[in-house]
Amino acid sequence: MDDFEEFVRAAWPGLLRSAWLLTGDWHRAEDLVQTVLARVYGRWKRVRDDAPQAYLRRMMVTTYLNWWRRRWRGEVAFDVLPEHPSGDLYSGSDLRIALAEMLASLPRQQRAVLMLRFHADLTEAQTAQAMGISVGTVKSYTARALDRLRASPELVSLVTPTSEEASP
């Protein structure tokens, strides 16, 4: 199983980023990756010869979606972030925070589609296969999610240059 350890060492950063895009929380992302790796360990001899990255991505999405179904969501804690002035040195982090908040507000399947399409760089057909849905549903989820992100006033204000920034 030395090859499994090598694979985990090499794939860990990418798997963790993908898991974070799904969960929006580093601790849950680590739990998700650990859960998936523990499940695949026993099947490694069969998985390693095919496409282990694709197999793990599909397991991650499936596990994430199943966690969401079973998790009690009576109370959800939200941190209220202070308003940041525009044009500061840290405007990139403001955009990352706002984007993370908007991604967290998307329905779980739309969020999973965005992660697979734009982070894992899968095609619509590959995304549909990974999630077990039709290509049309992938297109629909993608369009709805992107429309919602584009309509967010917080994101629009962070990516649209102000008149002061636009003038030389």
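Author: Let's start with a term: buried means under 20% relative accessible area, exposed over 50% and partly exposed in between, using a 1.4 Å probe and protein chains only. This is a predicted model, where local features need pLDDT of at least 70, side-chain atom pairs count only at pLDDT 80 or more, and totals for chains, interfaces and linings use all residues. Residues are numbered from 1 along each chain as its sequence is written, and side-chain values use heavy atoms, leaving out hydrogens and water.

Reader: Why is glutamine 110 called buried?

Author: Its relative accessible area is 10%, and the limit for buried is under 20%, so glutamine 110 counts as buried.

Reader: Which residues does glutamine 110 touch?

Author: Glutamine 110 touches Tyr141, Arg144 and Ala145, not counting residues up to four places away in sequence; contact means heavy atoms within 4.5 Å.

Reader: What makes a nonpolar core, and how many residues has the largest?

Author: A nonpolar core is a set of buried Ala, Val, Leu, Ile, Met, Phe, Trp, Tyr and Cys residues joined through side-chain atoms within 4.5 Å. The largest one has 43 residues, and Leu32, Leu37, Val61 and Leu116 have the most contacts inside it. Its largest share, nine residues, comes from α1.

Reader: What is leucine 37 in contact with?

Author: Leaving aside neighbours within four places in sequence, leucine 37 is in contact with Phe4, Val8, Trp12, Leu15 and Leu56.

Note on methods: Helix = DSSP H or I, 4+ residues; strand = E, 2+ residues; numbered from the N terminus.
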